[in-house]
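Subject: Handover of a structure and its findings

Dear colleague,

Please find the structure below.

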Amino acid sequence: MREMGADAPFEPEKLVVTVDHWTPAESARTANLHRGVRLFAQEHGLKHFYDVGEGICHQVFMENGHALPGQLIMGRDSHNTSHGAVNALSLPFGLTEVAYLLAVGSVWLRVPESVRIHLRGRLPRGVFAKDAILHVIGRVGADGCTYKSVEFEGDLIPALSISERFPFCNMAVEMGAKAGVMPFDKVTERYLKGRAKKRYRPIAPDPGARYENTFEFDVRGLTPVLSCPHTVDNVKPVEEVAGRTIHQAFLGSCTNARHDDLGEAARVLRGRRVHPDVRLMVAPSSRLEYLEADRRGYIRTLLEAGAMILNPGCGPCFGAHQGILADGEVCISSANRNFRGRMGNPRAEIYLASPATVAASAVKGEIADPRPLLRGR
Amino acid sequence: MGIPDVYSGEIVKLGDDINTDLIFPGKYILVLDPPEMRKHLLEGLGEEYHSRIKPGDIIVAGRNFGCGSSREQAASAIRAAGVPVVVAKSFARIFYRNAINAGLLVLTCPEAAEAAADREPITVDLKGGRIELPGGRAFRFPALPDFLMEIIEAGGLVAHGRKVVAARRARPEA
């Protein structure tokens with residue numbers, strides 16, 4: 001921003017800053033970087049600054065009411081598409097582009113074509129929102145929605161909480177989408193009550209709106225699925241990969257580490273132990289979600305089962321500083337990417353799954369269907 | 001600033017879905033210094049992969065080049081290695097923007113990308129909108145919009161931003 005000749009950010013009241021990568025700092029270089037961000041926030045009197053420990057930016061931004069229906073949100077991380085969960089148009093950008101926005105106050109945007117993803121039915125027991133979006137990505141493909149605005153619709157959606165809508169929008173980028181948007185309804189309204197920082201105006205498609213494509217899915221027939229090494233769209237049903245030995249299980253990331261996600265894992269793990277050859281790491285996506293999970297007893301259940309609880313932040317998901325894998329190891333993760341080397345070692349493998357599947361696999365020591373372990377719970 | 005009308009170089013051929021974790025692993029996202037960045041270019045394909053790439057080389061890739069993270073170094077590391085152009089069957093959205101902002105030319109030409117072979121010579125005629133491969137094979141590609149070329153010709157978004165901010169300052173407040 002300064003290199004471009006601007007002394008201060010344009011409209012600082014619209015700026016929300018979170019320090020979430022590599023937190024707490026693992027090196028002096030990182031600590032100095034964090035400090036630089038802190039000083040910037042102080043210098044410009046930024047009202048919305050969330051320091052180390054508050055959590056992952058996408059979670060913190062949304063839970064504090066910064067994401068509102070009808071807004072256009074620019075963000076410096078690819079999973080900024082997440083806020084479509086509350087009916088916002090939320091777009092990801094690279095760092096220089098965000099600096100340009102701070103310096104100049106505007107950005108060019110190409111209006112994308114729109115695509116509909118129609119979700120019919122109710123999720124069967126033991127099958128979760130994460131399974132549904134992985135299934136969609138597996139069918140549509142990693143570039144199936146490149147540059148498109150994806151609108152989710154269908155009778156599944158009213159049954160989904162905001163937390164369950166989040167993974168759909170969060171992982172829209174894994175299909176190449178520019179944005180992923182959920183409809184506004186009573187669920188959205190309830191979520192925003194007491195959270196919303198200002199008035200808002202929901203958005204909906206015009207009657208007769210034109211779509212380039214519509215993908216239809218009936219979720220009633222879905223089973224748990226996983227993204228298999230080494231691409232997100234390499235999706236297979238759990239039956240096909242069950243039995244594969246795992247060494248590490250990660251329940252974290254912006255995608256699936258809210259208190260309800262931890263609750264699903266706790267439901268599987270209650271009274272059971274993590275397999276002796278498996279390391280289970282749990283990182284709630286924000287301090288608020290951590291507190292809620294604690295209030296409900298999930299943290300205790302996870303700890304008693306043998307999990308390690310990490311602080312909220314971005315780390316293991318992208319191979320930063322915790323839970324790096326050894327050569328030849330396999331990790332099952334509730335995060336959003338499994339590219340080769342994603343978690344810090346190109347000689348390791350990553351499977352993506354729902355929190356329940358992650359927990360079931362942690363118990364068995366191998367990729368496992370969560371449904372038998374959820375029976376009667 | 002201005003850029004050449006024609007680029008000639010050796011092809012570095014890559015496949016489909018080359019993602020940003022391959023192009024520039026996540027653990028290096030705090031590396032912003034160009035000489036250091038280029039050491040980690042395409043490290044996902046091998047720790048010494050960057051030594052295969054010399055200034056003037058042109059990357060030719062398949063579909064969905066640059067998919068994944070919004071990390072800018074996926075584009076700026078390519079630039080730092082002296083590669084001026086990437087030709088691909090298709091680009092992922094965030095990478096495409098980051099490339100323009102880094103002053104890296106990103107040209108969509110599926111036919112040329114399909115026909116190209118590793119280590120062959122390639123010529124990109126920006127003005128004429130043509131890509132030439134050995135044996136007289138030529139392929140057309142769509143020109144980039146003027147306002148995007150403006151950013152590239154300025155040398156990237158920082159330089160372009162400087163101009164915009166300065167111009168704004170020179171104008172009286174509306």
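**Findings**

Tyr147(A) is found in the loop between α4 (129-140) and β6 (149-153) of chain A. Helices and strands here are DSSP runs (H or I of at least four residues for helices, E of at least two for strands), numbered from the N terminus. The phi of Tyr147(A) is near 70°, a positive value in a residue other than glycine. Tyr147(A) counts as partly exposed, because it has 18 C-beta neighbours inside 10 Å. A residue is called buried if 20 or more other C-beta atoms lie within 10 Å of its own, exposed if 12 or fewer do, and partly exposed in between, with C-beta atoms placed from the backbone.

Please note that this is a predicted model, in which local features need pLDDT of at least 70 and side-chain atom pairs count only at pLDDT 80 or more, while totals for chains, interfaces and linings use all residues. Residues are numbered from 1 along each chain as its sequence is written, and chains are lettered from A and ligands numbered from 1 in the order in which they are written.

**Other backbone features**

Most residues other than glycine have a negative phi, and most peptide bonds are trans. In chain B, Asp17(B) has a positive phi near 50° and lies in the loop between β1 (6-13) and α1. With 23 C-beta neighbours inside 10 Å, Asp17(B) counts as buried.

Chain A also contains cis peptide bonds. One joins Thr23(A) and Pro24(A), with omega about -10°; Pro24(A) lies in the loop between β1 (16-18) and α1 (28-43) of chain A. Another runs from Pro229(A) to His230(A), with omega near -5°, and His230(A) is placed in the loop between β9 (225-227) and β10 (235-237) of chain A.

**Chain A as a whole**

Chain A has twelve helices and 15 strands. Along the principal axes, the C-alpha atoms of chain A fill a box of roughly 55 × 55 × 40 Å. Of the 377 residues in chain A, 55% are buried.

In helix α10 (residues 298-305) of chain A, the buried residues are Tyr298(A), Ile299(A), Thr301(A), Leu302(A) and Ala305(A). Seen down the axis of α10(A), they fall within an arc of 165°, so they line one face of the helix; the arc is that of the directions from the helix axis to the C-beta atoms. Just after α10(A), Gly306(A) takes a positive phi of about 115°.

**Where the two chains meet**

In total, 31 residues of chain B are in contact with 36 residues of chain A, where contact means that the C-beta atoms of two residues, placed from the backbone, lie within 7 Å. To the side of chain B that touches chain A, α7(B) gives the most, with seven residues. That side divides into twelve nonpolar, eleven polar and eight charged residues. In this grouping, Ala, Val, Leu, Ile, Met, Phe, Trp, Tyr, Cys and Pro are nonpolar, Asp, Glu, Lys and Arg are charged, and the others, Gly among them, are polar.

Which helix of chain A comes within 10 Å of helix α7 (residues 157-170) of chain B, axis to axis? Helix α3 (residues 95-104) of chain A does, and the axes cross at roughly 5°. Axes are lines fitted to C-alpha atoms, for helices over the stretch in contact, and angles run from 0 to 180 degrees between N-to-C directions. The helices α3(A) and α7(B) are therefore roughly parallel to each other. Angles under 35 degrees count as roughly parallel, over 145 as roughly antiparallel, 65 to 115 as roughly perpendicular and the rest as oblique. Among the residues of α3(A) that meet α7(B) are Thr96(A), Glu97(A) and Tyr100(A). The contact has seven nonpolar, two polar and one charged residue.

Eight of the ten residues of α3(A) are buried, so this helix is largely enclosed by the rest of the structure. Its buried residues pack against β3 (72-75) of chain A together with α4 and α7 of chain B.

Within chain B, the axes of helix α6 (residues 146-154) and α7(B) come within 7 Å and cross at roughly 105°. These two helices are therefore roughly perpendicular to each other.

Yours sincerely
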